[in-house]
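Here are my notes on this one, written for someone new to reading structures. Open the model alongside and follow the points in order.

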Amino acid sequence: MEMERSLHQGSEKKSLRFLWGIILLALILLPIAFRATPFADYLTYTVGRMMIFGLYAMSYDLLFGYTGIFSFGHATFWGCGGYSIGILMVRSGWQITDAFPGLILAMLVGVGFGWAMGFLCSRVGPVAIFLVTFAFSQSLQLLAFSDPLKITNAEDGITGIPRETFLGLLPIKSEMQYYYFVLAVLVLSILVLNMIIRSPLGDVFVGIRENPLRVRFLGYEVRYYRIVAFMISGAFASLAGALTSLHERAVAPEMLSWFFSGDAVLFTVLGGPGTLIGPLLGAAIVIIFQEILSDIFRNWLIFLGISYIVLIMFLPKGLFPLFQRLYSGRREPQAAESVNSQKA
Amino acid sequence: MTFSAFLIQFLNGLTIASIYILLASGLTIVFGLQGIVNCAHGFFYMLGAYLSFMMVQQLGLSFWLALPVAFAGNFLLGVGLEFLGIRRLMQWGREFTHNLILTLGFAFVGQEVVKIIWGAIAQLAQPPAALEGLLNLGPVAYPKYWLFVMGFTVLVMFGLYLFFLRTGMGILVRSIALNSEVSQAMGTNAPRINTLIFGLGTGVAGIAGVLAGPILSVDPNMAFELLMIVFVVIIFGGMGSLVGVLVSGVIIGEVIAFGTALMSGMIAKILAFAVMIVVLIFRPLGLFGRGAVVE
Amino acid sequence: MGSILELVGVHSYYGESHILQGIDMRVGEGECVALLGPNGMGKTTTLRTIMGLTPGRRGEVRFKDQEITQLRPFQIARMGIGYVPEDRGIFVEMTVWENLRVPYLNLKNRTERRWKEIEERIYALFPALKERKNQMAGTLSGGEQQMLATARGLIAGEEMVLLDEPTEGLAPVIVRNLIEAFEKIKAQKHTMLLVEQNVHTAMRVADRCYILEKGRIKLEEPMKTLAHRPDLLEQYFGIRDQADLT
């Protein structure tokens, strides 16, 4: 019985990994395969966007899906990552064209703001967390608009962000080069986030979501770990924001708008909170829909709203667990077969 | 600042406070009763404004008719949202964040539908003929309509006070807020009362919208524009407390009025947010919060 | 004498815990039945299950031969079953008078006269409440709060009252007052189901008792019989000396 089960699980894991392999391969081959077509650039650009938003969504999943913190201020990191790039590479006057310092700065800024938000939220309940994070990101957006320190360029934002190389070695100027760069960053981030989640730290996060009192009794200071969750989440979300500002070569106060906080929520709820990959899929699906719908409907926000409603009422675990079940459902007969043949 | 300038700003603060207070009342009552935050509250405010605009400006009906119609329309819609959505989520034992997402989605849909029906350009509603023009208050002259809004708000708050503290239904509502389980064990149909009070909250939001139309303009961003400040008012005043809303509304209204006049609108808003964050962390109950819908 | 309340094969769960494991009980009209047993064994859960306050339950609860197992708490209360919770459940930020109004406002066929009659009845039983009519319920003493909770239960429970450990944590003087009130209520032929950890209280008021241990009914006895069974008293209540009972 035990052996059957572990064999079954083993083949389940193997078949899922097989699936990821296929997807990764597809992503790698995509720009090359479509290079000759007229929409090559559009495709590369859009899938690139999907990957960046996917990273953004995964960072939010760590906070919301795994640690159970319903923040509505994730736009903070999106915008701060973007502005880190913009301020360092354009406004500072230091003529930096390599992406590396900007990306590192963005991650550091993300950690910093993550610490700040986490600190404010560490001792309060879920209603307060929602409001505080919302207020925080709104305040930052107002500051970006009013630009008291004269660094954000107010409502015009920062444009003309250069995109030349990474670490002086990798060229990332063209759409296709940047695409592969983003893909590499995404894969690396997935590996790191996955490692964190499977580590004891990840268990603490899930513990805080499920039963904070118990976690406290086990000796873990819940407040401290909430802040850690915010910091890690912030680092990766900022990274995503930085990647997008390099992608668009611009940053504006709109990046701090609560729309992006709402996006983070949507991607995660749609894809499946607490699955890491689910939100990645959620982001991809939403972008596809946006692309298809926003040309047809000016009021595509209706569909966003309807998605929120339908999902939260009838599919609160998101689409990814659904896919998982369907997929392993198909695989099951094969696994049983192999066990039987072994017995024979 | 001259005295008359000061007086004008002070009255401005009271005017804007009136809108905040009306909006915050509905939101705080529902939170005190059911523990849910209705992110679509701003949408109901918007709907009230647009319904009134349509009735008065486009159909030529009386402003005084628009008030009850906006209330009734919002009440019904609010009851629908509560009964079909929020109540189900509570029955299924979902966490409170699900209600946030549900009401948020509802707000998006509602906002866009309003835009489709009435267009996405801001309009200015007209006050009723009887209230046009200025009233001479001695050192200053102030718009009659704006003074009316203040007075009407006081009237509404007084009405709510009478309702909650002097009627049988008010007693039942308060008992649910204090201890829903025990109240139900005494025969109180809490689910139905929750639904009705939710409708009351959204109805009052609609009235706020009707009143705000001629002052703040009827525009497609209404649904979320004021929501953040209203949250600040509620938190500062103490969630679930109507007295808190009154006091906090006036304070925040004056902060915004004077802040906007002396510094800038944005700085005033940031100040307000900072107040809220500080309160949430250090005195989460706010000024008057005790966890009950009282006074 | 017909049964007003009947429990048949009732199971109750709290999350994963199987608290009530097949309870059979009945309470006859005008009877005062005590539910006794050590703490944490499911006595409170039994009352809560009757009131429909426990989400996970199986079996049958019948009130006046009507099945009420699937009804919601407010529906059960409106059938005339009053509930006096273990923690009293006083609405602390309302006055005594308002507390009493809550169950009244949920009754059918309300008239001014009916309310006056109810008020008189309550104040006759609990004069202290009359004095404190307009006082905030939260400022009442423990004993007074218990009186208020009992009064509310009586108003809601015109057919039957469920009382959960009404004398718990109260000074002996107050307990005596309360027991006198219960005796009066019993004399008015008001059906009662009383959960008690204190056998003494139960002895004074109850006709019959069930002993509940680890989620099951272990024993059913008339109160008079129990008084003369030192072996049972010792086994279930640790009472060695008969003298303890006075």
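1. Let's start where chains C and B meet. Across that interface the rule finds 5 residue pairs in polar contact, with both residues at pLDDT 80 or more. A polar contact here is a pair of N or O atoms within 3.5 Å; within protein, one must be able to donate a hydrogen and the other to accept it, and residues adjacent in sequence count only if both atoms are side-chain atoms.

2. Which elements of chain C give two or more residues to the side that touches chain B? They are α2 (73-78), β6 (81-84), α3 (96-105) and α6 (142-156). The largest share comes from α3(C), with 6 residues. Helices (H or I, at least four residues) and strands (E, at least two) are DSSP runs, numbered from the N terminus.

3. Sorted by class, this side of chain C has 16 nonpolar, 2 polar and 7 charged residues. For the sorting, Ala, Val, Leu, Ile, Met, Phe, Trp, Tyr, Cys and Pro count as nonpolar, Asp, Glu, Lys and Arg as charged, and the others, Gly among them, as polar.

4. A word on the ground rules. This is a predicted model, where local features need pLDDT of at least 70 and side-chain atom pairs count only at pLDDT 80 or more, while totals for chains, interfaces and linings use all residues. Residues are numbered from 1 along each chain as its sequence is written, chains are lettered from A and ligands numbered from 1 in the order in which they are written, and side-chain values use heavy atoms, leaving out hydrogens and water.

5. Back to C and B: 25 residues of chain C are in contact (heavy atoms within 4.5 Å) with 22 residues of chain B. The two chains bury about 2000 Å² between them, and carbon and sulfur atoms give 65% of it. Buried area is the accessible area (1.4 Å probe) that two parts lose on being put together, summed over both. C:F74, C:F91 and C:E93 supply 30% of what chain C buries against chain B, more than any other three residues.

6. There are 2 salt bridges between chains C and B. In one of them, the side chains of C:R48 and B:E181 meet at 3.0 Å, N to O. The rule asks for a side-chain nitrogen of Lys or Arg within 4 Å of a carboxyl oxygen of Asp or Glu.

7. Now look at chains A and B, which make the most contacts among the 2 pairs of chains that touch. Here 35 residues of chain A are in contact with 39 residues of chain B, and about 3300 Å² is buried, 87% of it on carbon and sulfur atoms. A:L131, A:I312 and A:M313 supply 18% of the area that chain A buries there, more than any other three residues.

8. How many salt bridges join chains A and B? The count is 0, and the rule also finds 0 residue pairs in polar contact, both at pLDDT 80 or more. On chain A's side, α5 (126-146), α10 (258-271) and α12 (301-314) each give two or more residues, and α5(A) gives the most, with 15. By class, that side has 29 nonpolar, 5 polar and 1 charged residues.
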